[in-house]
Amino acid sequence: MKIDPIKTEVSSGGAATDQRGGNSRCSFRNDNFANNNVFLKPGLKLDLFAKLIVISSLLLVGSQLQAGAVLHLAIPLLDEQGNHVLDSQKAYSPKMSCGGCHDYDAITSAYHFDMGHSESRDDFGKDSGIPLLSSPGYFGGYNCMGSTNNDWVAKKSNASEADFADRGAAGWIQRCAGCHKGGGWMEKDRDGKRYDETDPATVTHLDGDYFNRGTDENNRQVEDKTVDGKLVRGTSVVSQWDWKKSGVVEANCFKCHADLSGLVKTDQNVKTYNRGRSVDDPARMIRNVRRDALIDYGHFRESNTAILEVLNLKHEDKQGDDATLDKTLLAFDRADLDNNGEITDTELVLVDGEPQLSWNAAAFDENRQVVIPMLRFPENENCMACHSTSNSRRGFYGFGEDAAPTLDEDGIVEDDYKDDVHKGLTWTENGETRPIENCNSCHSRNYYQPAHASVDLHADHNFLKGNSDMDLRNDLDYQPSALSCVYCHDDAETPAIPSGHANMLEAHKQRWITKGDMAGYTVDSLSRVTQTHLDMISCESCHITDKAGRRGAPLQIMYRYRQAENGLLQITPYAQRDRIYWKDKNSGTILNKTERNSVFEVRGGDADAGDGHGHDSGSSELYGVIVDPETGAELAEVSARMSHGSMSFGEPTDYAGYLALRNAYNKVFKAKGLENPEAVMVLLESNQYILSHNTRQASESLQCADCHKKKQNGSFSALVADDSVLGSTNKKDIFDIVDMRLISEGIFEFDKDYMKAVANAEGLGGVVSLNVADILQSSRRNPSLSALNKDIAKVMSGKVYQRDITDVMALAGITDAEHIQALHQHSGDKLFVFTPTYGEAAIQKVSIMPMVNSQTVLMFPTYMFKIALADNDVVSAAANAGFGGLNAPVFSLMATDINGEVVSSFGNANVLVKLPYTGSETSVDKIKLITSSNGAQWTQVDTANIVLLKPQSAEEDGYLVFNTAKFSYFTITSADETGVSAGDEPTSADEKSGGVFSPWLLLMFVAVYALRFRNKR
């Protein structure tokens, strides 16, 4: 049986979106369709009537919307060729099986699948000073594991094997498959083409998507070996990956939408091990089979089928035995391959190198379809299957049962760092009340749809995310936000105010007055003081306390600024995370993990004693040695352990060891062709992990005394105490320095100005320390949450979204009534819009506003738009092009399509662009809009294309709006006015947030921060 995948097109008017992004689609009652089994004949595509049946069959009512598995309509399971799995006995294809009804390509383009893939480019890291970066996400950015020596994904284009980083795309799948469940970068290359549909003969040599380090031409791991007494590392081998053989990892729909609480092992003769112990754990069996037996050995296409071996089909709403008996869809063929008397879950039988599957025909009905219990909204267990790694990094423990506060016999909340005050409460949105029991309560767009509403088959899988420390799709930040403290307790139609006051300002003020915290303040200052706290400090800062990090150890909470949903900079809690890289100080070249580890060798133990996934570090005698890359001489010893499938080496223990390591790395740089290298170690923070879960009730929040001291009259001082949580005594030591000469001699460098080397009293060594007072001062100037420094970046990218014209004007900062009316007449009721919310101030003043019509709704939403400040050479060329002085920065505008191809012309589809204008002219005849395709030769744009011009004034920014059908470089000039350059634009965080912030104001604001720490709810 074959079935073609269907891509459903929905008109722009087919959905209504509320202010928080919820979709309301046409609803159909399912009582007109008694038969939920929609049988799809071979080769039949879903017509409109069939789609209505599918939608109607998926209607969920009552409690089914919130939690618990419900029965999906009967469907066939198909392999990659569209054949029924009972015929082919091949692995099922999510794309072919689910894509007939759901828009698979749209779903898998969401950021959870993409992970920076669509934003990647080989020169991405140039602006951040970390050239090894090729994207802002886990694909091409910092991966989440690896501590101070993480892997790097290879660039798309590589001149030589020496330029090829630690892993190609296939190796990245093997590295990260534990959390990332397919689709996006695990399915398509950086040009948007499916890996296994690309002709291998057309692949460019050393293409990072099609070559991999450490595997041979048969996709097998290359082991280290000794040749003529010299170690030859398997990681030195770079070969073309056979994607036709491995297949790709399609998006695993069941990982999120299967009921993981109902998994079952139907064959108890198959043993499952976890950390060396035999366990009856079907979830562990999935992980063992999917990663250890399939993905690690290059069987990508079969990996998603692993879950179906333990996915229980029984369900209380089924009939007969199907309601009570355990039943699964298939079993992998296994045998006792190591002849030890037992069969483990990873001992898969291979025929011609391929795993063998036995599908259970009894699990299918007479139409060869299967009814699978599924979750409309994922449960906590589904989310935490990937996000559990955050336990050690962010002190985030999910929203499972452990988050429910526990009371002692007196009804007092017991001390538990996993508690969340919201667990078990309810929230009402759109007239629908839902229990706050899982991640959907805040992060799912459609969770508060009415129970009678139909399933949104094309639901946007860009989950609501707020402003996170991961720079994926920054244009989605707060667009809209996940349900936030401020929204639920202040801005919602019916805000939650437990105290019963009119608003949270009154609630906080009255609580502080009642407790005596406001003693000494005048009556007319109480509201102002309280509001200042609410404006300048995030709710989380006060209400997230008593957290734990790695393995339950107490987590030291630090505080910094970040941009809030209302655009203000607010102090927020975070968990500090440091990393290390080695670079050549002269060229900026950074060593990847393969190059760093090339100067280490393992000694004294059995590295194979570890399980390869960080659960066991190998034998206790294991250690490493630093070797000279040229002579092979052993220079110093370091610690060594297996970590997440690769060897991890410790830092040298003395000054001589670091000198030996530095000299060895200089030789590695020389082998790369660098002259006179000077290796230095850089200590940086790749991400500042924001804390936003496990909030506490008022009595457990920070109190005034945590930040302020009392004066002699008993009132709290307006000044923040230096020994408070916001002062210099809230410090953290992040790195041990074995010898301070490493600092004075420039062998160590720090990427943050608040990192300080402090000598100890015992000897030559010391520590790298940081404190909250310094962090606050620094992060106010640059509140970026990662090494990419997005808040001051010169490049920002994002996608456009369709909005009403009034919303577009508000986002673009166009407030003049006449201008709004003019654009309304010019463009109609709707426009697409992309306006950066981050980056240098000048970039945030640019808006891209494509026209909306029946053709553009299919085109523009698929494009990625980029706004960048031009480099100095281009600015100089524009200034000297003979058109007058510059009255705006020089901008580069770019668009790329879904395949990553640059789109420079939009044909007949026009785009409105708003640029900042710093001049005073009011007539378009007295200024010039100029453009260049290459940054060197410039021409004037016809004034007929200029739609609006507003001069700069003391009260408001100036701007120019023009119409264009192509993208290139643009700027504005005037012969009669003094020119300005891009460098004249205000770029500091102070100016971005509304003016100069003087030191005395800093003291005043910080002085009142602590009052909000009391009870921000």
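User: Hi! What volume does the second largest cavity have?
Analyst: Hello! This is a predicted model, and in it the second largest cavity has a volume of about 100 Å³.

User: Which residues are the closest to its centre?
Analyst: Those are Pro136, Tyr142, Ser686, Asn687 and Leu788, out of 14 residues that line the second largest cavity.

User: And by class, what does that lining look like?
Analyst: The lining of the second largest cavity has 7 nonpolar residues, 6 polar ones and 1 charged.

User: How many cavities of 30 Å³ or more does the structure hold?
Analyst: There are 7 of that size in the structure.

User: Let's switch to sheets. In what order do S21, S26 and S29 come?
Analyst: The order is S21-S26-S29, in an open sheet of 3 strands with mixed pairing. At its edges are S21 (579-584) and S29 (748-750), and each of them pairs on one side only. From one strand to the next, the twist averages 30 degrees.

User: In what sense do S21 and S26 pair, and over how many bridges?
Analyst: S21 pairs with S26 (residues 679-684) in the antiparallel sense, over 6 bridges.

User: Nice. Which helix packs on that sheet?
Analyst: Helix H18, residues 655-671, does, and it touches S21, S26 and S29. The direction of H18 makes about 55 degrees with that of S21.

User: What about the sheet with S19, what is its strand order?
Analyst: That one is S19-S20-S27, an open sheet of 3 strands with antiparallel pairing.

User: Why is one side of S19 left without a neighbour in the sheet?
Analyst: S19 (558-563) stands at an edge and has a single partner strand, so one of its sides has no neighbour in the sheet; S27 (689-690) stands at an edge in the same way.

User: Which helix lies across S19 and S20?
Analyst: That's H20, residues 772-781, running at about 10 degrees to S19.

User: Last topic, aromatics. How many aromatic pairs are there?
Analyst: The structure holds 23 of them. Tyr195 and Tyr210 make an edge-to-face pair, because their ring planes are at 75 degrees, with the centres 5.9 Å apart.

User: Where in the chain do Tyr195 and Tyr210 sit?
Analyst: Both Tyr195 and Tyr210 are in the loop between helix H6 (169-176) and strand S4 (211-213), 15 residues apart.

Conventions:
Residues numbered from 1 in each chain as written. Predicted model: local features only at pLDDT ≥ 70, side-chain atom pairs only at ≥ 80, totals over all residues. Heavy atoms only, no water. Pairing = 2+ DSSP bridges. Helix = DSSP H or I, 4+ residues; strand = E, 2+ residues; numbered from the N terminus. Axes fitted to C-alpha atoms, helices over the stretch in contact; angles between N-to-C directions. Contact = heavy atoms within 4.5 Å. 1 Å grid on protein atoms, 1.4 Å probe; cavity = no way out; pocket = protein on both sides within 12 Å on 5 of 7 lines; lining within 4 Å. Points joined across faces, edges and corners; volume = space filled by probe spheres on them. Nonpolar A, V, L, I, M, F, W, Y, C, P; charged D, E, K, R; others polar. Phe/Tyr/Trp six-rings, centres within 6.5 Å; stacked < 30°, edge-to-face > 60°.
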